[in-house]
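Could you walk me through a structure, one feature at a time? I would like to learn how to read each of them.

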Amino acid sequence: MHLGLRLCTERGLSISSLELDSLFIVNCFNDQWDPPWTIEYILRDCKNLISPNASISHVYREGNGLADRLAAHGHTCHGIAIFDRDYLPPSCSAAYQTDLLGQPQYRPP
């Protein structure tokens, strides 16, 4: 989340909503829970990167299949990789199309 928000800021993109699959982070971000001190500064920086009225909500990973597939792909990468809709890893293309259609996705076993 932190790196993604920084990349958006660097590219001049405005964030109006965030959907995260970590209910813990969502609750910390929304000041419902106190974050562990080890990530408190990261959350604070994330809050500074978005507008104060941006919505932050929890969504199950099936609700955003592309983000889930990109995260899984990221575990196989060395260093930082940036993708756009015209160039996605082959394992992510179907998830992108399904997200565009608004269909739910399920993680492969």
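The questions and answers below go through this predicted model.

Q: Let's start with the overall layout. Into which domains is the protein chain divided?
A: Domain 1 covers 1–58 and domain 2 covers 63–101. Their C-alpha centres lie 20 Å apart.

Q: What is the phi of aspartate 31?
A: The general idea first: most residues other than glycine have a negative phi. Here, phi of aspartate 31 is near 60°, a positive value in a residue other than glycine.

Q: How do I read the packing of helix α4 and helix α5?
A: Start with the angle, since over 145 degrees counts as roughly antiparallel. Helix α4 (residues 65–74) and helix α5 (residues 90–100) pack at about 165°, with their axes 8 Å apart. α4 and α5 are therefore roughly antiparallel to each other. Their crossing is left-handed.

Q: Which residues make that contact?
A: α4 contributes Gly65, Leu66, Arg69, Leu70 and His73, while α5 brings Ser91, Cys92, Ala95, Tyr96 and Asp99. Sorted by class, the contact of α4 with α5 has five nonpolar, three polar and two charged residues.

Terms used. Residues numbered from 1 in each chain as written. Predicted model: local features only at pLDDT ≥ 70, side-chain atom pairs only at ≥ 80, totals over all residues. Heavy atoms only, no water. Domains from an automatic or database assignment. Axes fitted to C-alpha atoms, helices over the stretch in contact; angles between N-to-C directions. Helix = DSSP H or I, 4+ residues; strand = E, 2+ residues; numbered from the N terminus. Parallel < 35°, antiparallel > 145°, perpendicular 65-115°, else oblique. Left-handed = near helix turned anticlockwise from the far one by under 90°. Contact = heavy atoms within 4.5 Å. Nonpolar A, V, L, I, M, F, W, Y, C, P; charged D, E, K, R; others polar.
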